[in-house]
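Colleague: I am new to this one. Please show me how to read it, feature by feature.

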Amino acid sequence: MNTYSHPFPPIINNNTQILFLGSFPSIASFEQSFYYAHPRNAFWPILEEIFNIRLETNEAKKTFCLEKGIGLWDVIGSCERSNSSDTNLKNCIPNDFEKLLRDYPNIRALGFTGQKSYDLFRKHYKDLEVERVLLPSTSPAHAAMKREEKAQSYKDFLDKFLTV
């Protein structure tokens, strides 16, 4: 098992109102230096569907998020792992969310894109006062829920907390 540090910065600016949080980048995301980069991950197709937009490049995805008030980051700053599975993540050290939320006070809610990110955040930041919503994982490993159902959960979250 190897130790890895998070390979890229959060996508965030002073306009950010909601922050989607995964656990830690997949191997595919490491290779592409971008969030939710696995070709079968439904995160980007779900956002494209909700906003009726086509996001062809990582730069287009980043620009879209920043313009819409959407931020992206991961709960884990470093960990040990041997594959992309969340169940494989060991000795996890979280990112500094106290500082992040101080630096970006317009963040109204955190949307966790899976159980692992939600549980780790609760473990390390149980006293941090911020709205938290557990969303279904967009990973291809989470096949128990149909993509349409996942999309509705994400749409409901965006409708509730995003005012842009």
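Modeller: Start with burial: buried means under 20% relative accessible area, exposed over 50%, partly exposed in between, with a 1.4 Å probe and protein chains only. This is a predicted model, where local features need pLDDT of at least 70, side-chain atom pairs count only at pLDDT 80 or more, and totals for chains, interfaces and linings use all residues. Residues are numbered from 1 along each chain as its sequence is written, and side-chain values use heavy atoms, leaving out hydrogens and water.

Colleague: What percentage of the 164 residues in the protein is buried?

Modeller: Buried residues make up 46%.

Colleague: How many helices and strands are there?

Modeller: Both are DSSP runs, numbered from the N terminus: helices are H or I with at least four residues, strands E with at least two. The protein has 6 helices and 7 strands.

Colleague: In what order do the strands of the open sheet lie?

Modeller: Two strands pair if DSSP finds at least two bridges between them. Here 4 strands run β3-β2-β6-β7, with parallel pairing. β3 (70–74) and β7 (131–134) are the edges; each has a single partner strand, so one side of each lacks a neighbour in the sheet. β6 (residues 109–112) is joined to β7 by 4 bridges. One pairs Gly111 with Val133 in β7.

Colleague: Which strands does helix α5 touch?

Modeller: Contact means heavy atoms within 4.5 Å. Angles run from 0 to 180 degrees between N-to-C directions, with axes fitted to C-alpha atoms, for helices over the stretch in contact. Helix α5 (residues 115–124) touches β2 (18–22), β6 and β7, at about 150° to β7. Helix α6 (residues 147–161) lies across β2, β3, β6 and β7, at about 145° to β2.
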